[in-house]
Amino acid sequence: MAAGGVWVFKNGVMELEQEATSRKALVYVPANETMRSLAALERRLGSLGWERYYEDRAIVQLHKRGGVDLISIPRDFSRLRSTHMYDVVVKNRDQFKVVDL
């Protein structure tokens, strides 16, 4: 995967300066609650009709009863990335949002 950044010369050597990465958080809108753990996210998704479908050491998958959608979430919540967050948002409109920290 290509890294983003800008190439600059420092002391005669070309180096890649990394762009500052913005940190994001997933927020449950009705309670204005930031999701800080897999358990908290599963609890909120469970109240919206999502249940565990598959799990292994790396991921947990949830599906919505009566639907075909799946949400994959890393078991290690510190590995939750914006792609996972937006997947939750798209499949639960008006319930979740992604914010910059």
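This is a predicted model: local features need pLDDT of at least 70, side-chain atom pairs count only at pLDDT 80 or more; totals for chains, interfaces and linings use all residues.
I started with the open sheet: it has three strands in the order 4-3-8, and the pairing is antiparallel. Strand 4 (33–34) and strand 8 (96–100) are the edges, since each pairs on one side only.

Next I looked up how strand 3 meets strand 8. Strand 3 covers residues 24–28, and I find five bridges between the two strands, in the antiparallel sense. For a landmark I picked Leu26, which stands opposite Val98 in strand 8.

What packs on this sheet? I found helix 2, residues 82–91, touching both strand 3 and strand 8. The direction of helix 2 makes about 20 degrees with that of strand 3.

Then I went to helix 1, residues 38–47, and asked which residues there are buried. My list reads Leu38, Ala40, Leu41, Glu42 and Leu45. I jotted down a reminder about spacing: an α-helix has 3.6 residues a turn, so residues three or four places apart point the same way.

Just past the end of helix 1 I stopped at Gly49, where phi is positive, about 100 degrees.

Last entry: strands 5 and 6. Strand 5 runs over residues 50–55 and strand 6 over residues 59–64, and they pair in the antiparallel sense with five bridges. How many residues does the hairpin use to join strand 5 to strand 6? I get three residues. I also looked up the bridge partner of Trp50, and in strand 6 that is Lys64.

Technical notes: Residues are numbered from 1 along each chain as its sequence is written. Side-chain values use heavy atoms; hydrogens and water are left out. Two strands pair if DSSP finds at least two bridges between them. Helices (H or I, at least four residues) and strands (E, at least two) are DSSP runs, numbered from the N terminus. Contact means heavy atoms within 4.5 Å. Axes are lines fitted to C-alpha atoms, for helices over the stretch in contact, and angles run from 0 to 180 degrees between N-to-C directions. Buried means under 20% relative accessible area, exposed over 50%, partly exposed in between (1.4 Å probe, protein chains only).
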